[in-house]
Amino acid sequence: MTDGYGKPLPVPDEGSRPFFDGAAAGRLMLQRCVPCGQWMWPVAPRCIACMSGDIEWAPSAGLGTLYSFSLVHQVYHPGFAEEVPYNVAFVDLDEGVRVTTNVVGVAHQDLRVGLRLQAVFEPIAEGIFLPRFRSVA
Amino acid sequence: MTRGSIAIAGLGMTEMGKVYGRTATDFAAEAIALALDDAGLAMHEVDGLLVHGNLSPEMNANLQLVLGFRDLSVLSTMSAFGSTSATLMQYAEHVIGSAQAEVVVMVYADAPLQQGGSAGAAYAAERRVTGMDSLDHAYGFYGANIGYAMAARRHMELYGTTSEQLGAVAVAQRQWAMRNQRAQMRTPMTIADHQASRWVAEPLHLLDCCLVSNGAVAVVVTSAVRARSLRQPPVYVLGTGQAAPGDSRRTDREPGIHTGAAASGKRAFAAAGVGPGDFDLLELYDCYTYTVLVTIEDYGFCAKGEGGAFVEDGRLGPGGSLPTNTGGGQLSAYYMWGFTPLSEAIVQARGQAGERQVDPHELVLVSGNGGFLNYHGTIVLSRREP
């Protein structure tokens, strides 16, 4: 399935390795503050609520609601040229974090703010899985 | 800070738009020379230089050396993105008010447009990013258009705001631009034209999005006393404010709907001793039509969620009850970040706007906005001595 995947690939690095390893294993991993429990997105050097440096990676339930979305028509990268319009979405996870993603398996006209969604993990390149969201219904 | 203790004494604007073959430094130099000439001040009388930090690598404190300013008592680059016009003005209030400097020049300049390149390409250069930040492009999230589109979509779903109501902002501003010789876009526009313009990122059409321009604007600020002895009618700075709500990734906050304009406006209005009902015209930061609509709500001109109905009757345009972005703004005139609304506010407050002059023009509200509606600044200007 990686043949012909012309869109930009994420570039895992040391600081994001738990996220991408988690995605490959079917888990949506996020940073969480150990002392106060604050979840974070995308990553933070310290807790965004209490500035503690004691941060762990923990699995999100992967459930959330559609905060907002856009159907993108402009081609910003040739890899998206065949796909426009495509959706970009913000999903409010139940853990209290708003993540950037795409919604899959929902027709453009059926996208609605408030839609209940669940994370799915799509292989896009060797060893790289991208978390996207599908309707729970 | 004594209300109105400083005033704007000079304004310089270069040619703006698709002006090629010049650097940001070159534009900045011309704008400053024009602003000093406008005020009737000589270069050696300047003791403060405030550089508007933007995406140009040339916009930094080195401008002093390049331009030849000597023995400055105040020199800095400031950036809070599109709200920088207000943060610069707030700093100028303090340094002039405390007699650290008397004549402060502030300047915005940039030259992102390349001949043969698109406006969209101007600020969209690929950066090498890794880790979690590299997810944005993997998801197809590029640049400001998509972020503002999502804020506008959210507003539409919460309050029933329509694309046609956003279009009313664009149409009103085009009507103003048609009366402004400096405006890049001066052909007539209707709601139908707005609706027919191509989608960039739904729900934003092309005509919901600002221009990109090369050029510069410089403003000279001094004490109110000094300003009264200079060439131009002083424009008094009655108050300034800032707000940065933050936490755009926590689900209990939504700066795209409840923007910093609310808190920033309150601070500036309190400093100036005015309220929303006192303004004769508004010059609001307009990277997108939606920005104008949500800023009007958060400043309290109408209730949250009612911005769409508020703007759709032509109220903002020529002859309307709340003249807004009277030079065409960044949507139709020129894109100089917060110096677009600031420059037009000065022209209007002075009464020098020619066929687009708003009357009365005693009290003018100026806004700045940056990030994805993350940073906000407000300036209250008055033609009348406080």
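In the predicted model, B:Thr25 touches B:Glu58, B:Leu63, B:Val66 and B:Leu67, leaving aside residues up to four places away in sequence. B:Thr25 lies in helix 1 of chain B, which spans residues 24-39. Its side chain is in polar contact with the side chain of B:Glu58, at 2.6 Å. The relative accessibility of B:Thr25 is 16%, and this residue therefore counts as buried, the cut-off being under 20%.

The interface between the two chains was examined next. In chain A, 46 residues are in contact with 35 residues of chain B. About 3500 Å² is buried between chain A and chain B, and carbon and sulfur atoms give 58% of this area. Of the area that chain A buries against chain B, 18% is supplied by A:Tyr67, A:Tyr76 and A:Arg98, more than by any other three residues.

Between chain A and chain B, 22 residue pairs are in polar contact, with both residues at pLDDT 80 or more, whereas the count of salt bridges is zero. On the side of chain A that touches chain B, two or more residues each come from helix 1 (17-24), strand 4 (63-72), strand 5 (86-93), strand 6 (98-101) and strand 9 (128-135) of chain A. The residues on this side of chain A comprise 29 nonpolar, 12 polar and five charged.

Strand pairing also links the two chains. Strand 4 of chain A pairs with strand 5 of chain B (residues 199-202) in the antiparallel sense, over two bridges. A:Leu71 has B:Glu202 as its bridge partner in strand 5 of chain B.

Definitions and conventions. Residues are numbered from 1 along each chain as its sequence is written. Chains are lettered from A and ligands numbered from 1 in the order in which they are written. This is a predicted model: local features need pLDDT of at least 70, side-chain atom pairs count only at pLDDT 80 or more; totals for chains, interfaces and linings use all residues. Side-chain values use heavy atoms; hydrogens and water are left out. Contact means heavy atoms within 4.5 Å. Buried area is the accessible area (1.4 Å probe) that two parts lose on being put together, summed over both. A salt bridge is a side-chain nitrogen of Lys or Arg within 4 Å of a carboxyl oxygen of Asp or Glu. A polar contact is a pair of N or O atoms within 3.5 Å; within protein, one must be able to donate a hydrogen and the other to accept it, and residues adjacent in sequence count only if both atoms are side-chain atoms. Helices (H or I, at least four residues) and strands (E, at least two) are DSSP runs, numbered from the N terminus. Ala, Val, Leu, Ile, Met, Phe, Trp, Tyr, Cys and Pro count as nonpolar, Asp, Glu, Lys and Arg as charged, and the others, Gly among them, as polar. Two strands pair if DSSP finds at least two bridges between them. Buried means under 20% relative accessible area, exposed over 50%, partly exposed in between (1.4 Å probe, protein chains only).
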